[in-house]
Amino acid sequence: EWLTYHDEEVGTFWIWDYERNDFVELFDYRCHYCEKDTRIAEGSIMLKAEARMCPHCHGACFCSSQCFMLGGLRHHLGEGHLRSCSEIKKMMMAGDITMRPLPSYSLSVKKTVFGEGAERMVRKLRFLNKNDQFVGIRYVAKDSRFVEDEGYRTRLRFHTNFARTQSIASGLAKIFNKSISDLVKLNPGNVKWANKVKTLPKIYFLEPMVVEMFEKDRREAVCLLIEPFLEGTYEKFNNNMGYVKGQARDAVCELKSDIVGEKPDEKPTRGQGGGVDLSALLGNMHIGGPSNLGAIVEEEEDEESSSDEEEIFGRNNSDNCARNLTSAQALMCKDLDDKHFPQAFSHFSYVHSKRRFMVVDLQGVLETEIGGGKCYKLTDPVIHKHSRSNRSRYRSWKFGKTDRGTKGMKAFFASHECSDVCRLLGLKEGID
């Protein structure tokens, strides 16, 4: 029922770095001679007392002085699958290798598929300890539905698109979360308002990894994308063609049929009510923006500069929220129900990226954290890319078959009703 891969059958682990728009390797703590784990414990980054690190490249571990003496020469010559010392040193200096703890270097994947999406098949995955027992949290392994019999490069290309999509969504979510936290500035000194802001939900996306494995009956390696299993009630909050959780099904069908002639692929369920009256917390402050968005702007835009690219991902955007709010129209905001935040984030991603991207198909779990805060932990997002608004390096980025471009963006706005969350964030059509 489970396919098990031990240390010698498991190769490199990668995570995505959206600053580089590429994968970076996770540091390998296995002995470069005998492949035993050199760490003091599973999940640690500390080496055993008897372990040795190459003093030249600081990127190759040996479990003992004996292994270092036996394998040192072989390692530095770069024989077999091992890299040379100089090559590892260059990668370490360039930041192509990053240190990150892993539960272990043995893992087991369940043969049966327990979930499927539009593009992915999902199986259960667990890391194993030295006794082949499950260790650490539960994971899932994801693979394309369309490349089961394809080669290594095709699979890796699929995982590249997935990792890039989730990484960009995560970057935009961090900016969104900061904007939510900055809402405390609307009424400085008001303890009740500050406490309320602390309880507002944040948005987080899982960080996937790609692992390389070697099977005896295959001529080349196999790569799988893995990420933590989301515990709790898994829900879809919106999709890539205008569906919104809690909206009447007939209304969504009518809106979508007018735009693209398609019907929603899932039956929405009613959300919970219970809006919060903020007038007592905010006093007589008047903030907000237009009550809804019209059609997507599709006019030609000027060529992007490097500063434009930086602003998309927040490096020059620390005060955008406050700037928008100070010029917002007078409108009392009363309802900050949890259910509004996923939609507000999709809207925010479109506005903040200067209409270049929109993050939708938000799905995952809503968790309550210690201290009363809440967070949406999400995975498998879709990014719609506005091709006419992307003339920089983003134009070549691929986001898979579920990227519907401006058609998907129009579907979102056709069913989206701006909430008080959107108004508090100063969201409106277009970018000033």
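In the predicted model, Arg 30 and Asp 28 form a salt bridge, with their closest N and O atoms 2.9 Å apart. The two partners fall into separate burial classes. Arg 30 is buried, at a relative accessible area of 6%. Asp 28 is partly exposed, with 25% relative accessibility. The cut-off for burial is under 20% relative accessible area, so a residue at 25% does not count as buried.

A second salt bridge joins the side chains of Lys 142 and Asp 380, at an N to O distance of 2.6 Å. This pair connects distant parts of the chain, its members lying 238 residues apart. Lys 142 belongs to strand S10 (residues 134-144). Asp 380 sits in the loop between strand S17 (374-379) and strand S18 (382-385). Lys 142 is buried, with a relative accessibility of 3%. Asp 380 is also buried, at 11%.

Lys 236 and Asp 361 provide a further salt bridge, with 2.5 Å from N to O. Here too, distant parts of the chain are linked, across 125 residues. Lys 236 is in strand S14 (residues 235-236). Asp 361 occupies the loop between strand S15 (357-360) and strand S16 (363-368). Lys 236 is buried, at 16% relative accessibility. Asp 361 is buried as well, at 10%.

Shared partners also occur. In total, the model contains 17 salt bridges.

Conventions
Residues numbered from 1 in each chain as written. Predicted model: local features only at pLDDT ≥ 70, side-chain atom pairs only at ≥ 80, totals over all residues. Heavy atoms only, no water. Salt bridge = Lys/Arg side-chain N within 4 Å of Asp/Glu carboxyl O. Buried < 20%, exposed > 50% of the residue type's maximum accessible area, 1.4 Å probe, protein only. Helix = DSSP H or I, 4+ residues; strand = E, 2+ residues; numbered from the N terminus.
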